[in-house]
Amino acid sequence: MTHPSVAEVTLRVPGDHYMLALLGERDGFLRIVEEAYPDASIVARGDVLRITGADAVTTLVKTTLEELLVLVREGQTLDVDRVRRVVDLVKADIPSPSDVFTDGVPVGRGKVVRAKTLNQKRYVDAIRKNTVVFGIGPAGTGKTYLAMALAVNGLQTGAFTRIILTRPAVEAGERLGFLPGDLAAKVDPYLRPLYDALFDMLGPEETARLLERGSIEIAPLAYMRGRTLNDAFVVLDEAQNTSPEQMKMFLTRLGFNSQMVITGDITQVDLPSGRASGLRQVRSVLVDIPGMCFVTLGAEDVVRHRIVASIVEAYRIHEEGKER
């Protein structure tokens with residue numbers, strides 16, 4: 001019986017500051033890497049990390065640590081989730097995992113929005129390259145937030161003169177008619193997540209100024225009928241709650257020098273029983289159209305509390321079991 005040869009490789013880390021950031025508080029990040037590669041040993045001595053184990057394993061460990069070091073040297077703060085995601089990408093043989101996390105979208109006030117998973121990076125790249133992009137996936141995968149970051153960036157760089165954000169006003173188990181106030185007041189709760197994202201990126205004062213100037217418009221989907229949307233970055237959120245007719249109406253609003261991103265979760269349709277979802281139907285209708293792209297995100301792309309990914313996956317398995 002042959003045993004794999006034991007190899008030793010080293011990684012030099014330039015400076016105590018980088019080493020501390022790479023290893024984490026009380027070597028917490030180092031332990032995550034060690035747990036991911038139990039057949040390897042990692043020892044820190046001064047500015048050098050010595051990695052011993054089988055050839056293949058030491059190569060993976062060194063690659064993982066090198067990719068994490070790239071993030072540290074870029075000035076990014078590591079956390080448990082990010083370290084685990086880099087480990088997963090290296091194990092999946094994804095080239096240059098650090099590229100996923102270093103590509104940023106500037107949104108003003110010194111803030112940069114970054115993809116946190118490989119699929120999110122593919123989603124951002126798709127929006128950059130296509131005129132119409134569908135981002136389909138469960139809650140917490142960054143579909144809307146990343147689209148709005150690119151919209152804000154496009155407005156600030158002059159690529160577009162306005163941002164238009166819209167959602168269908170469909171109740172999730174509650175009746176719109178019983179809410180107090182006029183139509184604007186009744187619709188406002190459905191648009192609140194869009195305001196929250198803008199406040200986070202631009203701040204309340206700048207958001208209010210752009211809304212007052214008309215550079216940003218937030219409106220229910222019904223208000224889009226009859227319009228031609230030129231020079232605009234348009235985001236349709238919660239698109240699973242559109243009817244096929246509404247989806248067609250919205251897509252045909254596209255004007256010159258405009259871009260559309262349509263986001264939704266086909267597992268959370270709030271339409272009345274028996275009504276078809278425009279988002280579910282559209283993928284089978286719009287096939288192989290140049291400049292149009294569909295990106296699917298999954299439980300592995302959830303960037304909220306880690307338990308949310310488990311909840312999403314549990315519901316997916318449950319729903320698949322019901323369909324059999």
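In which sense do strand β6 and β11 pair, and over how many bridges? Strand β6, residues 132–136, pairs with β11 in the parallel sense, over five bridges. The model described here is predicted.

- Six strands form an open sheet with parallel pairing, in the order β8-β7-β9-β10-β6-β11.
- The edge strands, which each pair on one side only, are β8 (216–220) and β11 (292–296).
- On average, neighbouring strands of this sheet are turned by 15 degrees against each other, direction ignored.
- Valine 133 has cysteine 293 as its bridge partner in β11.

**Helix α7**
- Helix α7 covers residues 143–157, which makes 15 residues.
- From its first C-alpha to its last, α7 reaches 22 Å, close to the 21 Å expected at 1.5 Å a residue.
- Helix α7 is largely enclosed by the rest of the structure, because 11 of its 15 residues are buried; buried here means under 20% relative accessible area.
- Among the buried residues of α7 are Lys143, Thr144, Leu146, Met148, Val152, Gly154 and Leu155.
- Glycine 158 follows α7 and has a positive phi, near 85 degrees.

**A surface patch**
- Ile307, Ile311 and Tyr315 make a nonpolar surface patch of about 330 Å².
- One of these residues, isoleucine 307, is found in helix α12, which spans residues 306–323.

Note on methods
Residues are numbered from 1 along each chain as its sequence is written. This is a predicted model: local features need pLDDT of at least 70, side-chain atom pairs count only at pLDDT 80 or more; totals for chains, interfaces and linings use all residues. Side-chain values use heavy atoms; hydrogens and water are left out. Helices (H or I, at least four residues) and strands (E, at least two) are DSSP runs, numbered from the N terminus. The expected span of a helix is 1.5 Å times one less than its number of residues. Buried means under 20% relative accessible area, exposed over 50%, partly exposed in between (1.4 Å probe, protein chains only). Patches are made of residues with over 30% relative accessible area and no salt bridge: like charges are joined within 9 Å, nonpolar side chains (Val, Leu, Ile, Met, Phe, Trp, Tyr) within 5 Å. Accessible areas come from the Shrake-Rupley method with a 1.4 Å probe; for residues, only the protein chains shown count as cover. A salt bridge is a side-chain nitrogen of Lys or Arg within 4 Å of a carboxyl oxygen of Asp or Glu. Two strands pair if DSSP finds at least two bridges between them. Axes are lines fitted to C-alpha atoms, for helices over the stretch in contact, and angles run from 0 to 180 degrees between N-to-C directions.
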